[in-house]
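Take a moment with the sequence and the fold. The paragraphs below walk through them part by part.

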Amino acid sequence: MDFKRIELIFFCAFLSLNLFLLYTFRQSQVDQVPTSEMTTVADIESRLKADKITFEGTFSAKIYDGYYLSAETTNFHDVVKDSYDKIENHRLSRTLPLSSQITIERQWLERELKSFLIGDEPIIFGADYHLRDHPSSENSEIVLSQEFEGLPFYDETSELQFDVPDEDDKVTLKSYTQTHLSEIQPLREKQEVISENAAIKTLYMSNRIPSESKVLKTELAYTRLFTVRDKNVYIPAWFVWIETNKNNVQLERINAFTNSVISASIPEVKK
């Protein structure tokens, strides 16, 4: 009997069996991947389209960076002396005298506003504010806010809002309300934040984007996280404006550090 031949046959048989078992093991590992993991790596834009959620362009995968910031809400009682100004809860309200009211064509709004903010009847801290285009804003409002290293604040603690007549081509600046932040400073080193694509994916997976809706706009901006000892703490967040099938605009926020949905309420820590 040729024992070497029998040995070779057994060797080949065991090798084939081992290869088959290895292949079976690998296949079982793939089959056991949870559905949720498979979903997170899916093309988010394709899934949005499947749910009839519309959007323009594509969602960027670019990684940005930002800070944890601290700031104090400006006390207008310390800087405003005019008796006709109304100050309540750190918010200044003012009606401009007739001689200071101006009418601006909407197509030149940003340019004319820059001059107006620091003009003959200057807005307090006017140079600190920049015009913002909020999809949820009505034509009867013009909203500006502060910035830190080019990244805006989208928060009620840093806002200059003009109430204007609802006109198509021109607006008349008659009155405004204002909040302002002072002593803005980083609490730690700059950190990376999530991409626009990741923020949209989190909203979708959290069921915060209704079917048959439209993503109008996304923007990275600072928002208040909490208040402690009269100091506000801000983080970068992705703001996403969504038009629902009821023609309403809802605003969602994603913590750009932790990639989690931010609730509507802002806690105040008293110590």
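This is a predicted model: local features need pLDDT of at least 70, side-chain atom pairs count only at pLDDT 80 or more; totals for chains, interfaces and linings use all residues.

An α-helix has 3.6 residues a turn, so residues three or four places apart point the same way.

Step back for the overall picture. The chain has 271 residues, and 37% of them count as buried. Its secondary structure comes to five helices and 20 strands. Take the contacts between residues at least 6 apart in sequence: 62% of them join residues at least 24 apart. The accessible surface comes to about 16600 Å². Carbon and sulfur atoms account for 50% of that surface.

Now turn to the aromatic rings. How many aromatic pairs does the chain hold? The count comes to eleven. Take the pair of Phe162 and Tyr176. The ring centres of Phe162 and Tyr176 lie 5.5 Å apart and their planes meet at 55°, so the pair is tilted. The cut-offs make the reasoning plain: planes under 30 degrees apart count as stacked, and over 60 as edge-to-face. Phe162 sits in strand β11 (residues 159-163) and Tyr176 in strand β13 (residues 175-179), so the pair ties together parts that are 14 residues apart in sequence. Phe162 and Tyr176 are both buried. Ring pairs also bring in Phe116, which forms a cluster with Phe162 and Tyr176.

Is Gln161 buried or exposed? Gln161 has a relative accessible area of 16%, so it is buried. The cut-off for buried is under 20%. Gln161 and Thr177 are 16 residues apart in sequence, but their C-alpha atoms are 5.4 Å apart in space. Leaving aside residues up to four places away in sequence, Gln161 touches Glu141, Ile142, Val143, Ser175, Tyr176 and Thr177. The side chain of Gln161 also has a polar contact of 3.5 Å with the side chain of Asp163.

Leu96 and Ser175 are 79 residues apart in sequence, and 5.6 Å separates their C-alpha atoms. Leu96 belongs to the loop between β5 (91-95) and β6. With a relative accessible area of 2%, Leu96 is buried.

Next comes helix α5. Eight of the ten residues of α5 are buried, so this helix is largely enclosed by the rest of the structure. Which residues of α5 are buried? They are Glu196, Asn197, Ala198, Ala199, Ile200, Thr202, Leu203 and Tyr204. The cover over these buried residues includes α3 (44-50), β16, β17, β18 (249-255) and β19 (260-261). Asn207 follows α5 and has a positive phi, near 60°.

Further along, the loop between α5 (196-205) and β16 holds Glu212. Glu212 is not a glycine, yet its phi is positive, about 60°. At 49% relative accessibility, Glu212 counts as partly exposed.

Thr227 counts as buried, at 8% relative accessibility. Which side chains meet the side chain of Thr227? The side chain of Arg224 makes a polar contact of 2.9 Å with that of Thr227. The side chain of Asn232 makes another polar contact with the side chain of Thr227, at 2.8 Å.

The loop between β16 and β17 (231-243) contains Asp230. Asp230 is exposed, with a relative accessible area of 64%. Its phi is near 65°, a positive value in a residue other than glycine.

The walk ends with a charge and a ring. Lys217 lies over the face of Trp241, at 5.6 Å from the ring centre.

Methods:
Residues are numbered from 1 along each chain as its sequence is written. Side-chain values use heavy atoms; hydrogens and water are left out. Helices (H or I, at least four residues) and strands (E, at least two) are DSSP runs, numbered from the N terminus. Buried means under 20% relative accessible area, exposed over 50%, partly exposed in between (1.4 Å probe, protein chains only). Contact means heavy atoms within 4.5 Å. Accessible areas come from the Shrake-Rupley method with a 1.4 Å probe; for residues, only the protein chains shown count as cover. Rings of Phe, Tyr and Trp (its six-membered ring) pair if their centres lie within 6.5 Å; planes under 30 degrees apart count as stacked, over 60 as edge-to-face and the rest as tilted. A charge sits over a ring if NZ of Lys or CZ of Arg is within 6 Å of the ring centre and within 35 degrees of the ring normal. A polar contact is a pair of N or O atoms within 3.5 Å; within protein, one must be able to donate a hydrogen and the other to accept it, and residues adjacent in sequence count only if both atoms are side-chain atoms.
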